[in-house]
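Please have the sequence and the structure in view as I go.

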2 protein chains.
Amino acid sequence: MGVSKTEIHSSTQIQIAEIAKVLSHPARVAILEYIAKQENCICGDIVDEIGLSQPTISQHLQVIRNAGLLIGTFEGKRFCYCLNVNRFKEFQQLLNQFFNHTSARCC
Amino acid sequence: MGVSKTEIHSSTQIQIAEIAKVLSHPARVAILEYIAKQENCICGDIVDEIGLSQPTISQHLQVIRNAGLLIGTFEGKRFCYCLNVNRFKEFQQLLNQFFNHTSARCC
DNA sequence: ATTTATTATCGTAATATTGCAATATTATTT
DNA sequence: AAATAATATTGCAATATTACGATAATAAAT
């Protein structure tokens, strides 16, 4: 009834789905791209960059943060979040494992 | 108000999000894995394999089909769907492009 | 300490997703 | 053609997601 039956699936399947869910909204894709390309991590202007309200961006950022894709650093006095590249590459690796494993077994 | 503002995003961002959405449910991940590993494409028993009702599986299959990930073939008399490996690998490639492009630009 | 700027949270409305029972459709046999 | 099997669709309920205004919390600067 609208709720996913996660208990019937393997942890790997759930993991892939969780990773994919983070990327399953264009705003989050855009935010990730934007954060990554900002050299000095001044990320407060995501709201200006992407045409969504500040609460909405904050909500999307939370999804990204919960996935472990954000790390905070200090640049002088300013605190700013930055892409967790290691985690990001882990996402890529896990997805590639899924793709390779799955397509290799196909008829 | 609950609806994605797709018009503000680039076609690449939307494409990545669409690909990710297909993989964003463990049942669909499981279905893709199952279809891929079936040598002779006898896929009617997905329902037995995965613990979900036939309508629910059919619904998930439609999402997978709409993404272009299913092709139908004839094996003797039986029609059966099979993973579209080319499209599947295209998904992998597009995701890798996104990951490589994004992580390369990070601070 | 008080203003100012930035980010997070709350509340709420609209829409989407997930799941299944019931039913319809389609295909295959007999 | 009628029966059987397999898949798709419909309808509906429960939950999740998306979006934003209002507000709270946090940090920076005066």
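Before I name any residues, let me say that I call a residue buried if 20 or more other C-beta atoms lie within 10 Å of its own, with the C-beta atoms placed from the backbone. Please also keep in mind that this is a predicted model.

Let me begin with the symmetry. Chain A is superposed on chain B by a rotation of 180 degrees with 0.0 Å of shift along the axis, and the RMSD is 0.0 Å. The two copies are thus related as by a two-fold rotation axis. If you look for the residue of chain A that comes closest to that axis, you will find A:A20, whose C-alpha lies at 2.4 Å.

Now to the interface, where 43 residues of chain A are in contact with 43 residues of chain B. On the side of chain A that touches chain B, α1, α2, β2 and α5 of chain A each supply at least two residues, and the largest share, nine residues, comes from α5(A).

Finally, consider helix α2 of chain B, residues 26-37. At 1.5 Å a residue its 12 residues should span 16 Å, and the end C-alpha atoms are 17 Å apart, which agrees. Among the buried residues of α2(B) are B:P26, B:V29, B:I31, B:L32 and B:I35, together with the charged B:R28 and B:E33. In total, 10 of the 12 residues of α2(B) are buried, so this helix is largely enclosed by the rest of the structure.

Note on methods
Residues are numbered from 1 along each chain as its sequence is written. Chains are lettered from A and ligands numbered from 1 in the order in which they are written. This is a predicted model: local features need pLDDT of at least 70, side-chain atom pairs count only at pLDDT 80 or more; totals for chains, interfaces and linings use all residues. Copies are superposed by least squares on the C-alpha atoms of residues with pLDDT of at least 70 in both. Helices (H or I, at least four residues) and strands (E, at least two) are DSSP runs, numbered from the N terminus. The expected span of a helix is 1.5 Å times one less than its number of residues. Two residues are in contact if their C-beta atoms, placed from the backbone, lie within 7 Å.
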